[in-house]
Amino acid sequence: METKKKEPLIRIEKRSERPHGQIIRLRLLSVLFAILAGGLFILFIGYNPFSVYGTIISGAFRSTMAFQATIKLMVPLLIPALGITLAFKMRFWNIGAEGQIIMGAIFATYFALFCWDFPHWLLMICMFLAGMLGGALWGLIPAFFKAKFDTNETLFTLMLNYVALYLISFLRDGPWKDPNSSGFPKIARFGESAQLDKIFGVHAGWLIGLVLVVIVYVYLKFTKQGYEIGVVGESRATANYAGMNYKKIVLRTMAFSGGICGIAGMVQASGSDLTLTTSVAGGVGFTAIIVAWLAQLNPVGILVVSFLFAVLEKGSTVMQSAHGLSAYSADVLQGVILFFVLGCEFFVRYKFVTRRKGGQA
């Protein structure tokens, strides 16, 4: 006799669509809980939460130089998040923004090192296009294998990050090694003609980022290609039924996604680092995923969220020096805040259901 299995004591179910106003209230509530939980953490380690939070906010805006530093931190989050959004809208899980940033920086660095005698405006254009090309090519590799062999793009893009990273090490220790370096090998500092111009005291990457926000927003919302991305993301079968070329869409979108991340690499190398190092991406490719998800893959929302992330990061560094907190404490505080904010997104989409008395599966 077949015995029926009992339902699990607690299970997770997908919610029906929540009203937009309810989602907004839930997210605002998550921010409030994040602030309260962070305040409790600060209190437990012996500091005044109001004073520490005040320092975080004021630290990002207390002077022109501080605000410029905040914007500088925002740029490498904003641009890759826009690139990731294109892939994620298509349900192509591009975890390779780090590698695409690095490849963009490598391609741009070639022109900075070997074409330094070009006119400044021409060199900047060459570096920009090279950065875009490097990121696009690195994005096309997993896209090709996904379209041709249906490989797992998450693992593929993740592994390519490390290939790109070790490529920098090879160039630094070998063909691009600065002959004037003493001690540890490094790549030469870019000449002035290869350095991104400053606008209002910050390198022009912030302006490039704003332009990309508009381009990505228009591309997704008002173009045929953007519509196709949405259809493929909703259902591959529907896209095929509608006569859309799935392989072409995947390749085109990943080239665009990787190209934007490659621009971020060029901006970081020529605007911030002024050379090529193994820290050119510095983990922003992974943080950009959080930024994109928190913004619901909305380009305008990404602009806001990346700015708030930059405020938190800049304010945390000021908090460390002003209150004598360790860097680890600042990281824990950021983690606590992000835990609640990201956790909110789970409850927007899912709910816990307990087993009914005597319930069976």
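Me: Buried means under 20% relative accessible area, exposed means over 50%, and partly exposed is in between (1.4 Å probe, protein chains only). Which label does Lys 146 get?

Reply: Lys 146 counts as buried, because its relative accessibility is 14%. One caution. This is a predicted model, so local features need pLDDT of at least 70 and side-chain atom pairs count only at pLDDT 80 or more, while totals for chains, interfaces and linings use all residues. Residues are numbered from 1 along each chain as its sequence is written, and side-chain values use heavy atoms, with hydrogens and water left out.

Me: Got it. What does Lys 146 form a salt bridge with?

Reply: Its partner is Asp 150. The closest N and O atoms of Lys 146 and Asp 150 are 3.3 Å apart. To count, a side-chain nitrogen of Lys or Arg must be within 4 Å of a carboxyl oxygen of Asp or Glu.

Me: And Asp 150, what is its label?

Reply: Partly exposed, because Asp 150 has 48% relative accessibility.

Me: Which residues are linked in a network of salt bridges?

Reply: Lys 146, Asp 150 and Glu 153.

Me: How many salt bridges does a search of the whole structure find?

Reply: Five. One of them joins Arg 172 and Asp 173, with N to O at 3.0 Å.

Me: What labels do those two get?

Reply: Arg 172 is partly exposed at 24%. Asp 173 is partly exposed too, at 42%.

Me: What about Lys 186? Which residue does its side chain meet?

Reply: Asp 178, in a salt bridge with an N to O distance of 3.1 Å. Asp 178 counts as buried, because its relative accessibility is 10%. Lys 186 is at 41%, so it counts as partly exposed.

Me: New topic. Which residues of helix 11 are buried?

Reply: Helix 11 covers residues 284–294. Its buried residues are Val 284, Gly 285, Ala 288, Ile 289, Val 291, Ala 292 and Leu 294.

Me: Who decides what counts as a helix?

Reply: Helices are DSSP runs (H or I, at least four residues), numbered from the N terminus.

Me: Which residue with a positive phi follows helix 11?

Reply: Gln 296. Its phi is near 60°.

Note on methods:
Helices (H or I, at least four residues) and strands (E, at least two) are DSSP runs, numbered from the N terminus.
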